[in-house]
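Me: I am new to this structure. Please take me through its strands, ring pairs and salt bridges.

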Amino acid sequence: MFRVIFLTVAFRLGEVVDPRAKLYMILYGRKGESGKIYLASPDGKKFEPGRLYTVSANIRDIGAVSSFNSSVNCTRVSV
């Protein structure tokens, strides 16, 4: 069984092609990866460029975060 941790991530988006797109990120650490963490606009409407957003999730312990990837509608974007 994996240890579960509570994680909060703050992020800011640049230009968003489709502000209603489904966005997610995957965090990578020395113990593995988080799996998909879906990002949603707090008002449920759309993302705005330059605005600071936060997401909180319970994920399995991946150790110290070393990198992440984000994706929009299945188009993978490395960041």
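Predicted model: local features only at pLDDT ≥ 70, side-chain atom pairs only at ≥ 80, totals over all residues.

Me: How many helices and strands does the chain have?
Reply: Helices (H or I, at least four residues) and strands (E, at least two) are DSSP runs, numbered from the N terminus. Read along the sequence, the pattern is β-β-β-β-β-β-β. The count is 0 helices and 7 strands.

Me: What share of the residues in the chain is buried?
Reply: A residue is buried under 20% relative accessible area, exposed over 50% and partly exposed in between, using a 1.4 Å probe and protein chains only. The chain has 79 residues, and the buried share of them is 34%.

Me: Among contacts between residues at least 6 apart in sequence, what share joins residues at least 24 apart?
Reply: A contact means heavy atoms within 4.5 Å. Of the contacts in the chain between residues at least 6 apart, the share joining residues at least 24 apart is 68%.

Me: Are the rings of Phe11 and Tyr53 stacked or tilted?
Reply: Rings of Phe, Tyr and Trp (its six-membered ring) pair if their centres lie within 6.5 Å; planes under 30 degrees apart count as stacked, over 60 as edge-to-face and the rest as tilted. The whole structure holds 2 aromatic pairs. For Phe11 and Tyr53, the centres are 5.7 Å apart and the planes are at 25°, so the pair is stacked.

Me: Which strands hold Phe11 and Tyr53?
Reply: Phe11 is buried at 10% relative accessibility, and Tyr53 is buried at 3%. The pair ties together parts that are 42 residues apart in sequence, because Phe11 lies in strand β1 (residues 4–12) and Tyr53 in strand β5 (residues 52–60). The strands are β1 and β5.

Me: Are the rings of Tyr24 and Tyr38 stacked or tilted?
Reply: Tyr24, at 13% relative accessibility, is buried, whereas Tyr38, at 49%, is partly exposed. Their ring centres are 5.4 Å apart with planes at 55°, so the pair is tilted.

Me: How many residues apart are Tyr24 and Tyr38?
Reply: Tyr24 lies in strand β2 (residues 23–29) and Tyr38 in strand β4 (residues 37–39). This pair links distant parts of the chain, and the separation is 14 residues.

Me: Which residues are linked in a network of salt bridges?
Reply: A salt bridge is a side-chain nitrogen of Lys or Arg within 4 Å of a carboxyl oxygen of Asp or Glu. Asp61 meets Arg3 in one, at 3.0 Å from N to O, and Lys31 also bridges to Asp61, with the closest N and O atoms 3.0 Å apart. The network is made of Arg3, Lys31 and Asp61.

Me: Which residue forms a salt bridge with Glu48?
Reply: The structure holds 3 salt bridges. In the one at Glu48, which is partly exposed at 35% relative accessibility, the closest N and O atoms are 3.9 Å apart. The partner is Arg51.

Terms used: Residues numbered from 1 in each chain as written. Heavy atoms only, no water.
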